[in-house]
Amino acid sequence: MKKKTRILILGIALVLTMAMSGCGVNHKSPEGVVEALIKNYVSGSEKNVKKCYSQNKDTNELLQSEIDATLKYFAAHKPGKVKVEQCDKLSENGDYTYVYIIYNLVLENSQEYPCVGTYMVEKNSGKYYVMSPSEITDELRNQAATDYAKFMTTDSYKSYTKAYNVFIKKNPGYEEKIANKLNAE
């Protein structure tokens, strides 16, 4: 009887864990969907990447090319995992939010490759989705450029830049190695 009880408890715990982890995409906040996007790119989950973009079916050709290239880029690094350092809003304008994310790709040799990214996020029917490049208007692009210029003066960006420079100094030729991997495919 004890063995059956333990198995039942483990089964219930597994079901609860799966239910709480969801589908791998957090649409509850702009930052949540951007973190999910990066984590799904690193794990190689094209299906969940598309969910971040609200593109479950019939992904347009331009976005599909970007997704394919970005999946290959992350795969070339062979990261074991990703560590999100910071993810926050740069600006908000109605249903649109400009989000930055600073994260480290944890490589095979346990070194951490510092990365930064920015994404435009749209709120649609109470959920947040990363916008594809073709959806971003010139007005949003111009505002994002202004916001990014301000972001580059922050301590967060300066810390990222410092960590990136330290990594490159310790690993000369790393980016060329990644570029060569991508060009070989």
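Colleague: What does the accessible surface of the protein chain come to, and which part of it belongs to carbon and sulfur atoms?

Modeller: The accessible surface comes to about 11,500 Å², and carbon and sulfur atoms hold 52% of it. The area is from the Shrake-Rupley method with a 1.4 Å probe, and for residues only the protein chains shown count as cover. This is a predicted model, in which local features need pLDDT of at least 70 and side-chain atom pairs count only at pLDDT 80 or more, while totals for chains, interfaces and linings use all residues. Residues are numbered from 1 along each chain as its sequence is written, and side-chain values use heavy atoms, with hydrogens and water left out.

Colleague: Why does Cys52 count as buried?

Modeller: Buried means under 20% relative accessible area, against over 50% for exposed and partly exposed in between (1.4 Å probe, protein chains only). Cys52 has 0% relative accessibility, so Cys52 counts as buried. Cys115 is also buried, because its relative accessibility is 7%. Of the 185 residues in the chain, 38% count as buried.

Colleague: What makes Ser156 buried, and which residues does Ser156 touch?

Modeller: The relative accessible area of Ser156 is 18%, so this residue is buried. Ser156 is part of helix H6, residues 155-170. Leaving aside residues up to four places away in sequence, Ser156 touches Gln86, Tyr100, Ile102 and Phe151, where contact means heavy atoms within 4.5 Å.

Colleague: In which order do the elements of the chain run?

Modeller: From the N terminus the order is α-α-α-α-β-β-β-β-α-α-α, that is, seven helices and four strands. Helices (H or I, at least four residues) and strands (E, at least two) are DSSP runs.

Colleague: In what order do the four strands form the open sheet, and which are the edge strands?

Modeller: The order is E1-E2-E3-E4, with antiparallel pairing. Strand E1 (81-93) and E4 are the edge strands, since each pairs on one side only. Neighbouring strands are turned by 30° against each other on average, direction ignored.

How values were computed
Pairing = 2+ DSSP bridges. Axes fitted to C-alpha atoms, helices over the stretch in contact; angles between N-to-C directions.
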